[in-house]
Amino acid sequence: MENKKFFGWPLTVVLGIMYFCSSGFVLSTAQIVNPLMMQDPSMGLSGTLLGTGFSLFVLMQGIPSPFVGWLIGKKGARFTMIVGGAVMLLSALAMVFVVRDAITYFIFFGVFLSVSTIMAGQISVQSTVGQWFIAKRGLAMSVMMGIGGLASFVAPLVVNYVINASGGSWQAGWYLLIALAVVLILLALLVVKDQPSDIGQLPDGGADAKMEAEGKSFKVYKNTNEVTYGQAIKSPYFWLIALAGSGGFCAFSLATSQGVINFTSLGFDTGVIVGAAAVMGIASLIGKLALGLVSDAVEPVRIIGVALVVLAVGVVCGAMASNPAMIYIYYICTGLGFGTIATNLPTTVANYFGVTAFSKNLSTVMLTTTIISSIIPIMAGALFDATGLCTMAFFVTAGIVAVCAVCAFLVRIPKKDKVKADS
């Protein structure tokens with residue numbers, strides 16, 4: 001048994017592919033497909049209704065999160081992924097064959113597709129990485145999120161090509177998700193293992209990593225003690241971390257729901273906007289890989305704080321865009337900032353409060369971030385309907401992101417040998 005090659009790294013790649021197929025691809029697809037649905041007269045969607053659907057999608061990333069965390073703890077991440085993949089498959093089919101008005105759009109896009117991504121993707125894959133790695137958790141999380149982050153670059157280009165090749169049919173975008181849902185289910189069934197002990201292995205690959213963990217010989221603070229969920233949520237730093245993460249999701253919600261609409265209303269060509277949105281994917285990948293890789297050497301919560309400053313600058317550029325260069329600056333800052341936060345937030349939660357209740361802790365953080373960020377699309381959509389522009393919504397979002405940056409810098413880092421979670 002001890003001669004077995006460590007399965008954690010191959011599994012990390014598979015988990016990255018699963019993140020790509022679910023959390024990475026669905027929202028990236030929707031930012032291209034949903035505005036086309038709004039232009040379809042048979043759908044009856046206004047800017048407010050479109051934004052409400054995105055707000056509901058974001059909100060449903062959070063409200064069911066405690067249930068998803070409980071399900072992972074009870075049945076395991078693998079089981080949760082299989083169920084999530086099935087929900088994604090049925091929801092994507094419904095987007096093609098059932099959705100014909102605002103109500104069905106809300107139900108199948110805003111609710112079921114959203115829930116499917118956190119079950120098959122985000123919470124499940126991040127929880128699994130947290131179980132398989134301690135010493136190299138930041139590196140593993142970066143690799144997994146980096147692979148998943150390719151979707152933000154690939155999806156806009158592929159979806160745009162598929163829609164054009166199909167004669168402008170927005171339904172073509174959802175057919176892609178149907179195929180990806182099948183891939184998800186097969187990977188969960190055939191490859192995923194919930195934790196190293198399931199196949200007789202140890203986190204990080206062996207006894208040396210375990211001894212390092214017990215000795216706490218890390219460059220950043222990593223709590224290796226058993227910290228209960230109740231202890232974690234009593235810590236003020238738990239909520240500061242959650243609020244810091246919210247800033248990244250607020251900026252990303254604005255970009256995915258209103259970015260295309262904002263720059264179109266400012267008179268920019270669709271081709272320029274789509275190209276810039278694709279660059280956001282590259283920037284997000286850089287954030288997830290390059291800045292995630294250093295999170296085993298630099299405190300990830302501080303990396304989050306810097307990323308939030310970058311995001312605030314980018315959103316202001318988006319509000320004041322007067323040339324294509326400013327659009328690119330906006331999407332680059334948004335991608336870089338959000339990619340950095342998406343990778344470092346689960347690492348921060350695991351490092352600060354340990355893995356004993358990691359799925360519950362992470363799901364509660366996600367509930368907080370999504371409740372806060374869910375207001376952004378509907379707010380922006382309403383302002384667009386009222387003024388014909390999203391400029392004011394961009395400035396408001398920049399202010400929210402700046403406040404979240406302050407929260408990140410207020411988190412106190414315990415000494416490496418300090419074991420209390422609520423200090």
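Modeller: The largest share of the lining of the largest pocket, six residues, comes from H1. This is a predicted model, in which local features need pLDDT of at least 70 and side-chain atom pairs count only at pLDDT 80 or more, while totals for chains, interfaces and linings use all residues. Residues are numbered from 1 along each chain as its sequence is written, and side-chain values use heavy atoms, with hydrogens and water left out.

Helix H1 covers residues 8-39; helices (H or I, at least four residues) and strands (E, at least two) are DSSP runs, numbered from the N terminus. Helix H7 (137-165), H11 and helix H12 (270-293) also each supply at least two residues of the pocket's lining. In total, 17 residues line the largest pocket, and Pro35, Leu36, Gln39, Val260 and Thr270 lie nearest its centre. The volume of this pocket is about 340 Å³. On a 1 Å grid over the protein atoms alone, a pocket is an open set of points with protein on both sides within 12 Å along at least five of seven lines, a cavity is a set of points where a 1.4 Å probe fits but cannot get out, and lining residues have an atom within 4 Å of a point. Grid points are joined across faces, edges and corners, and a volume is the space filled by probe spheres set on them. The pocket lining divides into nine nonpolar, eight polar and no charged residues (Ala, Val, Leu, Ile, Met, Phe, Trp, Tyr, Cys and Pro count as nonpolar, Asp, Glu, Lys and Arg as charged, and the others, Gly among them, as polar).

The search of the whole structure finds two cavities of 30 Å³ or more. The largest holds about 290 Å³ of space, and of the 25 residues that line it, Tyr19, Ser23, Leu27, Phe252 and Phe338 are the closest to its centre. Among the elements that each supply at least two residues to this lining are H1, H7, H11, H12 and H15. The lining of the largest cavity divides into 10 nonpolar, 14 polar and one charged residue.

H15, residues 358-373, has 16 residues. Of these, 12 are buried, so H15 is largely enclosed by the rest of the structure (buried means under 20% relative accessible area, exposed over 50%, partly exposed in between, with a 1.4 Å probe and protein chains only). The buried residues of H15 include Phe358, Asn361, Val365 and Ser373.

The second largest cavity holds about 60 Å³. Its lining includes Tyr221, Glu299, Asn351 and Ile413; the elements that give two or more residues to this lining are helix H13 (300-319) and H14. H14 gives the largest share, three residues.

Finally, there is the packing. In the largest nonpolar core, of 124 residues, Met18, Met37, Tyr105, Phe109, Trp174 and Leu308 touch the most other members, and helix H11 (residues 236-265) contributes the largest share, 15 residues. Such a core is a set of buried Ala, Val, Leu, Ile, Met, Phe, Trp, Tyr and Cys residues joined through side-chain atoms within 4.5 Å. Leaving aside neighbours within four places in sequence, Met37 is in contact (heavy atoms within 4.5 Å) with Met43, Leu45, Met95, Val99, Tyr105, Trp170 and Trp174.

Notes. The expected span of a helix is 1.5 Å times one less than its number of residues.
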